[in-house]
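These are my notes from a first look through the structure. I kept to what could be looked up in the coordinates and wrote the entries in the order in which I made them.

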Amino acid sequence: MAGATAERLEADLCVVGAGSAGLSIAAGASQLGARVVLIEAGAMGGDCLNVGCVPSKALIAAARAATLGERAAGLGVAYGPPAIDFAAVMGHVHRTVAAIAPVDSEERYSAMGVTVLRGRACFLDPRTVAVGERRIAARRFVLATGSRPFVPPLPGLDAVPYLTNETVFALEALPRHLLVLGGGAIGCELGQAFRRLGAEVSIVEQGRLLAGEDPELVEPLRRRLLAEGVALREGARAERAEAAAGGLRLTLATEAGAETLEASHLLVAAGRRSDFAGLGLDGAGIALDERGRLQLDGRLRTTNRRVFAAGDAAGGPCFTHLAGHHAGVVLKNVLFRLPAGPERLAVPRVTYAEPELAQVGPTEAELRAQGRRFEVLRSAFFENDRAQCEGETEGLVKVLVTPRGRVLGAGIAGPQAGELILPWVLAVKRGMKAGDLAQAIVPYPTRSEASKRAAAGYFLPRLFSERSRRLVRLLRRLG
Ligand SMILES: Cc1cc2nc3c(=O)[nH]c(=O)nc-3n(C[C@H](O)[C@H](O)[C@H](O)COP(=O)(O)OP(=O)(O)OC[C@H]3O[C@@H](n4cnc5c(N)ncnc54)[C@H](O)[C@@H]3O)c2cc1C
Ligand SMILES: NC(=O)c1ccc[n+]([C@@H]2O[C@H](COP(=O)([O-])OP(=O)(O)OC[C@H]3O[C@@H](n4cnc5c(N)ncnc54)[C@H](O)[C@@H]3O)[C@@H](O)[C@H]2O)c1
C-alpha cells in the first residue's frame, strides 16, 4: 500500500528493466509521445551491454587476434608467437562496454523524455508498482526483467569460488586452468576465447556440445576446439564440487564411471533462468506456470492483461535481437492496440565461436521429429573460391527445403556465418523458394556464393534428369 510520503507518478507505460528489451520499448514509446517510466535496479543496458554480448564479443575479438599469426603462416607471412597482455585485453573489453554505454544511459533516456527510476520495482496491486518511496500508476506495464545464470544445485558448489557471466569479465589475471561447466553458447564462446588467450581450458558437458544445433554444423567447431587444445568432456555430468590445492575439483558422472577434474577456476555456464521472486506478481494477478515461467498469451500478455513481458523474461530463447523484436510487438499492442504476436519461425541465432555457427528455422533433426517431408541441400566452403583464396575452407551451408523447394531452414558453419545468414532469414520469413536465391546474381568471389550454390542444388538433380535429357534430344531433332 502506498505510504503517506510516497511520490505518485502517472504514466502510459511503466517498463521494469532497462536491458535490451526494456530500453527499446521505452525509446519507442516515448518517441511516439507516450509518458514512460523506466525502472532499473542494476546497470543501465542490462546483461547484453554489461556482462553479455558486448564484453564477450570484445573478448572473442582479442582472442581471435591471438590466432592471426598462425593463420598468416599458412599464407606465407610469418609473425612471432603472440605476446598476450591479459590486463590490456580486459582493458579493451571494458573500453568497448564504456564506448557503447552512453547509448543506453540514464542521461540519454531522460533527454528523450523518459522518467528513469533507479531501484528495484515491485507490484503493489494489479495497476501499481513501487520503487522505494515512489508509486507508479500506469495504463500498461512491461516486465523486461531478463534472466540470470542458472547455477545447478551441485553438492559442494556453494563452498568453492566460481565465476559466471556476471563476474568473469572482472577477472584481472588469466586463469591457469579454466573449467567451464556447460557446453552451450557461453561455454563454447568463452571457453575458446580463454584458450586462445593462453589458459588451459576444459569444457564439461552432460550431453553434447551445442545440443540444440545440427551436429553436422557443430562438428567443424568441435574439431577446431580440440585442435586448439580445449579438453572437451561431452557426456560428463558434473555432480559434486570441492576445494582442491590451487583451485577446485569436480566429480563427473560419465558412461565409464565417476571421474574427477581439477582446475584453478570454474566458470558456470549451465543455462539461464528468470527469477520473478520479489516482484509481487501474486498480488498483481500475474501467474507463473509449473516451471516458474510467466504464463503468456500469443501477444506476450501475462494473466494480468495490462502487463506484458519482453526479452529473456518472456521465457523463450535468450537473444538481444529477439528482445528487440519483442519490443516492437509490445509497442504495437500497447500503443496501436494491434493484436501482434512474436515471430516464431525466422528467429536466427549465431554462436560466435570459430568457426561461427548460424541457424534460422528448424534443424534437420527438428523437421524429422515433426515428421515433415524435406530435402537437404549442402554447399561446402571447400568448394568456394573465396574460402580457398583465404585458406579457410572449413564448414558448409546446409539448407532444408520442402519437396517443392520452399525454404524451411538453413544453417551455416564457417567464417562470417552470422553475416551470411540474412538472406536465409528472409527466405524463411517470406516463404521463398530455393529458386529465388539460386536466381540472384551474387558477386564473385564471395562466401555468399556458397548460399547460392546450395540453393541451386535443388535444381541439379531435376535439371540433369532423364526427362531433361529427353527434351534436349527432342529439340536437337527439330533442328
Ligand atoms: C555471456 C553472454 C553472451 C551473450 N551473447 C549474446 C549475443 O552475442 N547475441 C545475442 O543476441 N544475445 C546474447 N546474449 C543474450 C542477451 O544478453 C540477452 O538475451 C539480453 O540481454 C536480454 O535482454 P533483456 O532486456 O531481456 O534482459 P536483461 O539484459 O537481463 O535486462 C533486464 C534488466 O532488468 C533489471 N531488473 C530485473 N529485475 C528488476 C526489478 N525488479 N526492478 C528493476 N529492474 C530489474 C536487471 O537489473 C537488468 O538490467 C548473451 C548472454 C550472455 C550471458
Ligand atoms: N551468441 C549468442 O547469441 C549467445 C551467446 C551466449 C549466450 N547466449 C544466450 O544465453 C543462453 C545461455 O547460455 P548457456 O551457454 O549458459 O546455456 P545453454 O543452455 O545454452 O547451455 C548450458 C549447458 O550446460 C549443460 N549443463 C547443465 N548442467 C550441467 C551439469 N551438471 N553437468 C554438465 N553439463 C551441464 C547443459 O547440458 C547445457 O548444454 C544461450 O542459450 C543463449 O540464449 C547467446
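What I have is a predicted model, in which local features need pLDDT of at least 70, side-chain atom pairs count only at pLDDT 80 or more, and totals for chains, interfaces and linings use all residues.

**Entry: ligand 1**

I looked up the surroundings of ligand 1, taking a residue as near a molecule if its C-beta atom, placed from the backbone, lies within 6 Å of it. I found 36 residues around ligand 1, and the closest are G17, G19, G46, G146 and G311. At least two residues of this shell come from each of α1 (20–31), β2 (36–40), α2 (46–51), α3 (53–65) and α9 (320–335). For the make-up I counted Ala, Val, Leu, Ile, Met, Phe, Trp, Tyr, Cys and Pro as nonpolar, Asp, Glu, Lys and Arg as charged, and the others, Gly among them, as polar. On that basis the shell around ligand 1 holds 16 nonpolar, 15 polar and 5 charged residues.

**Entry: ligand 2**

For ligand 2 I found 27 surrounding residues, of which G182, G184, I186, G271 and C318 are the closest. Two or more residues are given to this shell by each of α7 (185–196), β9 (200–205), β11 and β17 (349–351), and the largest share, 4 residues, is that of α7. The shell around ligand 2 divides into 14 nonpolar, 8 polar and 5 charged residues.

**Entry: two sheets**

I count two strands as paired if DSSP finds at least two bridges between them. One open sheet has 3 strands in the order β11-β12-β13, with antiparallel pairing. Its edges are β11 (237–244) and β13 (257–263), each with a single partner strand, so one side of each has no neighbour in the sheet. Strand β12 (residues 247–254) pairs with β13 in the antiparallel sense over 7 bridges, and L248 stands opposite A263 in β13.

Another open sheet has 5 strands, in the order β17-β18-β21-β20-β19, and here too I read antiparallel pairing. At the edges stand β17 and β19 (375–380), each with a single partner strand, so one side of each is left without a neighbour in the sheet. Strand β19 is joined to β20 (residues 396–401) by 6 bridges, running antiparallel, and R378 stands opposite K398 in β20.

**Entry: two helices**

Which residues of α8 are buried, and which are exposed on its other side? I call a residue buried if 20 or more other C-beta atoms lie within 10 Å of its own, exposed if 12 or fewer, and partly exposed in between, with C-beta atoms placed from the backbone. In helix α8 (residues 215–227) the buried residues are L217, V218, L221 and L225. They cover an arc of only 90 degrees around the axis, which puts them on the same side of α8; the arc is that of the directions from the helix axis to the C-beta atoms. On the other side of α8, I found R223, L226 and A227 exposed.

For helix α17 (residues 466–477) I found that, of its 12 residues, the number buried is 0, so α17 lies largely in the open. Just after α17, G479 takes a positive phi of about 95 degrees.

**Entry: backbone details**

I looked for cis peptide bonds and noted one joining E354 and P355, with omega about 0 degrees; P355 is placed in the loop between β17 and β18 (357–360). A cis peptide bond also joins Y444 and P445, with omega about -10 degrees, and P445 sits in the loop between α14 (434–438) and α15 (448–456).

L300, a residue other than glycine, has a positive phi near 70 degrees and is found in the loop between β15 (272–273) and β16 (307–309). L300 is buried, because 24 other C-beta atoms lie within 10 Å. Q416, also a residue other than glycine, has a positive phi near 65 degrees, and its place is in the loop between β21 (407–413) and α12 (417–420). With 17 other C-beta atoms within 10 Å, Q416 is partly exposed.

Terms used
Residues numbered from 1 in each chain as written. Chains lettered and ligands numbered in written order.
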